[in-house]
Amino acid sequence: MSENSSFYIEDFLRQAVNIGASDIHICEGERPAIRVAGQIMRINAPALSAEDMDFVIKTVAPEHLKDKITQFFDIDFSYEILECSRFRVNLSHQLGKLAIVFRTIPYYVKTFSELSLPRSLEDFARYNNGLVLITGPTGSGKSTTIAALLDHININYSKHIVTVEDPVEFMFTNKASIISQRQLLIDTPSFTDGVKYALRQDPDVIFIGEIRDRETIEAALNAAETGHLVVSTIHTNDAVQTINRIVNLFEPGERDFVRHQVAATLRGTVAQKLVPAIEDDKRLPAPEILVVTPTVQDFIIKDQLEKIYDLVKTGSFNNMTTMNMSIYKLYEDGKISKETALAYSDNRQEMEQLIRGVYHGTGSN
């Protein structure tokens, strides 16, 4: 690896963190870019050379991977600049050229209140068993929400929390609970093995970094059935898609059994988006919250998932809320613009009706 590089990645990452970047993009042959408040910005700097990228890898890659980088098409690992930030790092190739994305992971784990998330999410921390899923696209704040949930348990309950992550993101300090954090390819070979052996480590809560395949959901459901609270993420956009995604990982002949299993173990799902605020270049979370009640369990077993949407719309008594209602609440509170509410809505027609209702109410006073 060449050291004839004028691009010092640590200095660049420090500057990016200082101006509030959530992600940093670097690619051979391209100028660096950062994402701030959801928007990508190109940096006025020279395009990065192959030597620059080699020097970045020499600086940031963990020792056990440095000699194997060229053997992988894609790889994830973590990196830390002390007293600055931790980073989740993804290394990939684009048309044969090396590209790296750094996601900033703050040292400080914020509370639900500090994240502007509803306090009702604390209810999921009270369960002693079952499955809680946090869903949403990449960059929607899933990791931050889960960190808040795990630290809420850590502060308020005496439990053993085991995490299986790829890579380890937020670092926790033991408080009322004990937290054991395990990283794929360093501490355990796979999510499935990590969960299997976690069950032998006297856990109360198991966090699985991501459900990617059938084997991982089987391990998660088994752990949830045997008296553990399991928290994980899955890449879907809403509660119903989440249930469908799980069930469809199995063969058609197995799905009826899986529906019963999901109905019995799923405690709730939180799907969220980050929506640009009017002020301060901030983004605010808009969560859709499904709490699995006996009625929801019945809909899951009978494969009547479309009825869950209607239930969530009328489920405020169970702290359930749709994505649209969360976005509308942000608009009603003056935190986001009408244009933003409509742009981020998953049902624009319904959002227009909600907003018109506000105008009608204002006009009648």
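User: What conventions apply to the model and its numbering?

Analyst: Residues are numbered from 1 along each chain as its sequence is written, and side-chain values use heavy atoms, with hydrogens and water left out. The model is predicted, so that local features need pLDDT of at least 70 and side-chain atom pairs count only at pLDDT 80 or more, while totals for chains, interfaces and linings use all residues.

User: Why is the pair of Phe7 and Phe12 called tilted?

Analyst: The search of the whole structure finds 6 aromatic pairs. Phe7 and Phe12 form one with 5.4 Å centre to centre and 50 degrees between the planes. Rings of Phe, Tyr and Trp (its six-membered ring) pair if their centres lie within 6.5 Å; planes under 30 degrees apart count as stacked, over 60 as edge-to-face and the rest as tilted. The pair of Phe7 and Phe12 is therefore tilted.

User: Why are Phe7 and Phe12 called buried?

Analyst: Buried means under 20% relative accessible area, exposed over 50%, partly exposed in between (1.4 Å probe, protein chains only). Phe7 has 11% and Phe12 has 12%, so both count as buried.

User: What makes the charged end of Lys159 sit over the ring of Tyr157?

Analyst: The term requires NZ of Lys or CZ of Arg within 6 Å of the ring centre and within 35 degrees of the ring normal. The charged end of Lys159 is 5.4 Å from the centre of the Tyr157 ring and is listed as sitting over that ring.

User: Why is Ala220 called buried, and which residues is Ala220 in contact with?

Analyst: Ala220, in helix H6 (residues 214–225), has 0% relative accessibility and therefore counts as buried. Helices (H or I, at least four residues) and strands (E, at least two) are DSSP runs, numbered from the N terminus. Contact means heavy atoms within 4.5 Å; leaving aside neighbours within four places in sequence, Ala220 is in contact with Leu131, Ile208, Ile211 and Val230.

User: How do you know that a polar contact joins Glu350 and Lys313?

Analyst: A polar contact is a pair of N or O atoms within 3.5 Å; within protein, one must be able to donate a hydrogen and the other to accept it, and residues adjacent in sequence count only if both atoms are side-chain atoms. The side chains of Glu350 and Lys313 are joined at 3.2 Å. Glu350 lies in helix H13 (residues 348–363) and, at 18% relative accessibility, counts as buried.

User: Why are strands E1 and E2 said to pair?

Analyst: Two strands pair if DSSP finds at least two bridges between them. Strand E1 (residues 21–27) and strand E2 (residues 33–36) have 4 bridges in the antiparallel sense, so they pair. The bridge partner of Asp23 is Arg35 in E2.

User: What makes E3 and E4 edge strands?

Analyst: The open, antiparallel sheet has 6 strands in the order E3-E2-E1-E6-E5-E4. Strand E3 (39–42) and strand E4 (75–81) each pair on one side only, and they are its edge strands. Neighbouring strands of this sheet are turned by 25 degrees against each other on average, direction ignored. Axes are lines fitted to C-alpha atoms, for helices over the stretch in contact, and angles run from 0 to 180 degrees between N-to-C directions.
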